[in-house]
Amino acid sequence: MTVWQSLVGQRTVIEQLQIAVGGQGMNHAWLFTGPPGSGRSNTAIAFAAALQCEQGGLGPDCPSGCHDCRTAIAGSHADVDLVRTEKLTIGVKEVRELVRRASLTPMGKRWQILIIEDADRLTEQACNALLKAIEEPNPRTVWMLCAPTVEDVLPTIRSRCRLVSLSTPTAADVARFLTALGCDEQRAVYAARASQGHIGRAKALAFDDAVRARRHDVVTIPARLTSLGACLTAATRLGEVAKEEADAITAELDAREKVDLDSAYGVVERGRRPKEYAPALRDLEAAQKTRAKRRQLDVVDRGLTDLVSVYRDAIAIATGAPSDLVNEDIRPDVERIVGASTPELNLRRIGWIFTAREQMLEFNVPVPLALESMMVALRVPDAR
């Protein structure tokens, strides 16, 4: 087994990175781009593991037995730092701490590697702090930035990085990956198609009944939008489902952080709260609130992607496109949409969905309001 084993449908990228690990074309800064779910951060982590490994990540014990590979992939390697944010942005304070670490000599014999998973979330001040570090790198420091597209990163930063472009894995690649994990073939094919190349989403759809049920509830919405009441109900339900799922994701982590905070300030042992505890608790609650908001937006965003897939399927059927349907399991619903609309209308509907997404993510429009407006716009024509 190698460190590259978990990367799906990225053979060309793996070959490119293996050459760099061998010493040809190595650079001090890398930018990994690709659509959601393509494995940007996983690729960066695998590359980091291979750079730290004496065998380039290709040894018989990599990554299960090799210490460098195992710790790099697990996130515990002393010379590999991974920045993941639960916030909407990555601030200058966090980047300055990374820059400080980057100035240190690696503890091991090889590289000091710093990975920023969401480089598109860097604030302007954070970008300026990062730029100086990338312009004047230490000889044994490697920066790895991950973002959806090159346009999501400042030109001054991306011009100093070597670009690695990941592609969306094919449904066949994803299905084979899921089958290798023990999923039965029929469900693997469904999950691969419904995930649209998103590996994490595909694994959830393959092995979690609740995730499949929630997705089915979302993709059947378009056929149900036959009245104003149905539109408002659908918007409310989508928002509620997103909040429930986000709460389920964050509740355990929130509780664990609260216990850690209480322990750090000795609240349980002493039976009282020191004066420093109250501001620390306020900071924690503010961070948790921000994280919950981002999680809810992430879940809503995924639901909007599923809605887009339904209208994309309707366009494919109406125009006779030879591609397979993403939502083959609800073909009757899709055919009803085709019969009550035109490809041009469905293309406009996709645009309305992206408008709602932009309103929530970029302009901070309340989720219920954006969803209600979108659902009314999507209402089927013959019900008006």
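# Aromatic pairs in this model

Phe47 counts as buried, its relative accessible area being 0%. Here, buried means under 20% relative accessible area, exposed means over 50%, and partly exposed is in between (1.4 Å probe, protein chains only).

A quick word on where this comes from: the model is predicted, so local features need pLDDT of at least 70 and side-chain atom pairs count only at pLDDT 80 or more, while totals for chains, interfaces and linings use all residues. Residues are numbered from 1 along each chain as its sequence is written, and side-chain values use heavy atoms, with hydrogens and water left out.

Now for the rings. Rings of Phe, Tyr and Trp (its six-membered ring) pair if their centres lie within 6.5 Å; planes under 30 degrees apart are stacked, over 60 edge-to-face, and the rest tilted. That rule gives 3 aromatic pairs. One of them joins Trp30 and Phe47 edge-to-face, at 4.9 Å centre to centre with 75 degrees between the planes. Trp30 sits in strand β1 (residues 29-33) and Phe47 in helix α2 (residues 40-52), so this pair ties together parts 17 residues apart in sequence. Helices (H or I, at least four residues) and strands (E, at least two) are DSSP runs, numbered from the N terminus.

Tyr265 and Tyr277 also pair edge-to-face, at 5.9 Å centre to centre and 80 degrees between the planes. Tyr265 is in the loop between α12 (228-264) and α13 (267-270), and Tyr277 is in helix α14 (residues 277-319), 12 residues apart.

Here's how accessible these residues are:

| Residue | Relative accessible area | Class |
|---|---|---|
| Trp30 | 0% | buried |
| Phe47 | 0% | buried |
| Tyr265 | 26% | partly exposed |
| Tyr277 | 1% | buried |

Finally, Trp30, Phe32 and Phe47 make up one aromatic cluster.
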